[in-house]
Amino acid sequence: MVFRTRAQAMLGVLSAALPDGEGERLLHTLRRDPQLAPLALNALAQRELLSPEDMTGAEHLLVLAENLLQLVELAGGSDAAEEALRAQGTEVRDAITAASDSAHPDRAGLAELRQLAARASRAPAARLGRAHKRGRATGRSGRKRRR
């Protein structure tokens with residue numbers, strides 16, 4: 001897996017280290033790069049150098065895809081990522097579909113994201129921290145039931 005948050009931080013340090021507006025120019029140049037555009041767009045938006053109104057539809061999809069992939073990375077592990085996606089509600093499916101249609105370069109990451117979202121939508125109540133009653137082999141006392 002690509003370490004997006006680390007790459008985002010390195011791009012931020014690089015652009016901040018450049019003199020007199022060169023960092024901003026670099027980010028605007030990278031905005032058109034097929035591999036680095038998602039990171040550059042996020043950096044520009046975070047620094048308020050690019051507003052949502054100034055982005056194209058394709059750029060919006062790249063930012064959406066990047067942010068969903070970062071959410072999964074920051075969750076740390078598939079179970080936590082499923083829980084994070086589940087917490088986003090039913091709208092996350094539409095967002096993931098839109099992100100999958102983007103030109104984001106991390107196709108493998110988007111495929112993993114779709115799989116995690118599918119599992120999250122099928123997760124039983126027990127995975128949400130509730131008692132799972134069906135198939136319970138013990139009674140309330142913890143002893144085995146007689147059948």
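The protein has seven helices and zero strands, where helices (H or I, at least four residues) and strands (E, at least two) are DSSP runs numbered from the N terminus; read along the sequence, the pattern is α-α-α-α-α-α-α. This is a predicted model, in which local features need pLDDT of at least 70 and side-chain atom pairs count only at pLDDT 80 or more, while totals for chains, interfaces and linings use all residues. Residues are numbered from 1 along each chain as its sequence is written, and side-chain values use heavy atoms, with hydrogens and water left out.

Of the 147 residues of the protein, 34% count as buried, that is, under 20% relative accessible area, with exposed meaning over 50% and partly exposed in between (1.4 Å probe, protein chains only). The accessible surface comes to about 9,500 Å², of which 53% belongs to carbon and sulfur atoms; these areas come from the Shrake-Rupley method with a 1.4 Å probe, and for residues only the protein chains shown count as cover. Among contacts (heavy atoms within 4.5 Å) with a separation of 6 or more, 59% join residues 24 or more positions apart.

| Helix | Residues |
|---|---|
| H4 | residues 57-75 |
| H5 | residues 78-87 |
| H6 | residues 91-100 |

H4 and H6 pack at an angle of about 120°, with their axes 8 Å apart; axes are lines fitted to C-alpha atoms, for helices over the stretch in contact, and angles run from 0 to 180 degrees between N-to-C directions. The two helices are therefore oblique to each other, given that angles under 35 degrees count as roughly parallel, over 145 as roughly antiparallel, 65 to 115 as roughly perpendicular and the rest as oblique. In this pairing, Leu61, Leu64, Ala65 and Leu68 of H4 meet Val92, Ala95, Ile96, Ala98 and Ala99 of H6. The residues of this contact divide into nine nonpolar, no polar and no charged, on a scheme where Ala, Val, Leu, Ile, Met, Phe, Trp, Tyr, Cys and Pro count as nonpolar, Asp, Glu, Lys and Arg as charged, and the others, Gly among them, as polar.

Elsewhere in H4 lies Gln70, which is buried with a relative accessible area of 11%. Leaving aside neighbours within four places in sequence, Gln70 is in contact with Arg4, Thr5, Gln8 and Asn42.

In H5, the buried residues are Ala81, Glu82, Ala84, Leu85 and Arg86, and they pack against H4, H6 and helix H7 (107-122). Just after H5, Gly89 takes a positive phi of about 85°.
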